[in-house]
Amino acid sequence: MSRPVSRVLTLLELLQAGGVRTVADLAERLGVAERTVRRYVDHLIDLDVPVESVRGRYGGYRLAPGHRMPPLMLTDDEALAVLLGLVSGRRTGLTAAAGTAGETAAAKIRRVLPERLRRRLDAVLDSVAFTAPPAESAVPETAVLLPVADAVRHHRPVAIRYTGGRGGDGERTLYPYGLVAHAGRWYVTGRDLSVGADRTFRLDRVAGVRILPGSFEPPAGPDPAERVLTALATAPYRHAVTLWVQGTAEEIRTRLPGSVAIVAAEAPGRGGLGDGAGAEARSEPQTWSRVEMRAERLDWLPGVLASLDRPFAVERPDELRDLVADFADRLMESARRTPPHG
């Protein structure tokens, strides 16, 4: 490929990145004079590429908004990034498209790549191994995700047809605050006008979306991700668990994620939480944090609490105290056991 042609294609790649690019910036990136940049732009226009000239102090060139560029032009790094993104997106449930859309998109990209690059990228995809199993994802319909995202961006109310986890179809009117992808699922959080309270909804359980007239102002406070994690941690499971763990809220949150527990910092040296230490330890008060969880079963909690490697006290329920004691007895028994021979 001759150098002028190569530079014209490079100019096209720079414009495809979006936004207005000044003549001076383009000239510097291409290593040519500004007059040459204008000549390269004329070449693109002759090829029916819709390059627009933007006047003014910050003017320059840009591609016409909404134009679909044929053919697809990707560098080696860009092609690898796209294909690996599609693969990892399918495994983690973040590819927001139902059915085989991710696979067909990857196949289309492969078809337009040069044979040399396609073989190299296939070698990467065939040889890569993942340390975690694929997520059990619940992917929303594109016809649901896109209008909800548009409503979030423009602060518009929506009407959704929603099926709850325990059944019961119904239409809800929602002020959507934000979209959140978590653990293979997509959620929308916002104000449910049907009940006058903030709620979180799984998008894969939404059957239809209508954007309604009007607008709303999102409230101050937690961001959408924190709202979703709090909703998951406080879901109405069978057991309400309250603990006190020695350490700051920040330290404990590294072990207990927001989707599992609500952690609140408490003042240092909270009374009534003796740890059995001597006078020297009591003279240096420690920070204790309150931890609240909801759980359908309690049998998994003793192991989690042991993994914290921090002093803790169970406030409720009493059943958890017995489970922790039984777990400690089993650990002690295993510590004293000699290895089998033979």
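Mentor: Let us start with G214, which, leaving aside its neighbours within four places in sequence, is in contact with H155, R156 and P157, where contact means heavy atoms within 4.5 Å. Please keep in mind that this is a predicted model, in which local features need pLDDT of at least 70 and side-chain atom pairs count only at pLDDT 80 or more, while totals for chains, interfaces and linings use all residues. Residues are numbered from 1 along each chain as its sequence is written, and side-chain values use heavy atoms, with hydrogens and water left out.

Trainee: Where does G214 lie?

Mentor: G214 is in the loop that runs between β7 (206-211) and α8 (224-233); helices (H or I, at least four residues) and strands (E, at least two) are DSSP runs, numbered from the N terminus.

Trainee: And how far is G214 from P157, C-alpha to C-alpha?

Mentor: Their C-alpha atoms are separated by 6.9 Å, although the two residues are 57 residues apart along the chain. G214 has a relative accessible area of 44%, so it counts as partly exposed; buried means under 20% relative accessible area, exposed over 50%, and partly exposed in between, with a 1.4 Å probe and protein chains only.

Trainee: How much of the whole chain is buried?

Mentor: Of the 342 residues in the protein chain, 31% are buried, and the secondary structure comes to 12 helices and 11 strands. Among contacts between residues at least 6 apart in sequence, 64% join residues at least 24 apart.

Trainee: Changing topic, which residues have the most contacts inside the largest nonpolar core?

Mentor: Those are L11, L15, L30, V37, L44, V51 and Y61, in a core of 18 residues; a nonpolar core is a set of buried Ala, Val, Leu, Ile, Met, Phe, Trp, Tyr and Cys residues joined through side-chain atoms within 4.5 Å. At least two residues of this core come from each of α1 (3-16), α2 (23-30), α3 (34-46) and β2 (60-63), and the largest share, 5 residues, is supplied by α1.

Trainee: What does V37 touch?

Mentor: Not counting residues up to four places away in sequence, V37 touches L11, V23, L26, A27, L30 and V32.

Trainee: How do α2 and α3 cross?

Mentor: Their axes come within 9 Å and cross at roughly 95°, the axes being lines fitted to C-alpha atoms, for helices over the stretch in contact, with angles that run from 0 to 180 degrees between N-to-C directions. The two helices are therefore roughly perpendicular to each other, since angles under 35 degrees count as roughly parallel, over 145 as roughly antiparallel, 65 to 115 as roughly perpendicular and the rest as oblique.

Trainee: Which residues meet there?

Mentor: V23, A24, L26, A27 and L30 in α2 meet E34, V37, R38 and Y40 in α3.

Trainee: Last one, is S53 buried or exposed?

Mentor: S53 is exposed, with a relative accessible area of 54%, and lies in strand β1 (residues 51-54). Leaving aside neighbours within four places in sequence, S53 is in contact with G60 and Y61. S53 and V20 are 8.9 Å apart in space, C-alpha to C-alpha, and 33 residues apart in sequence.
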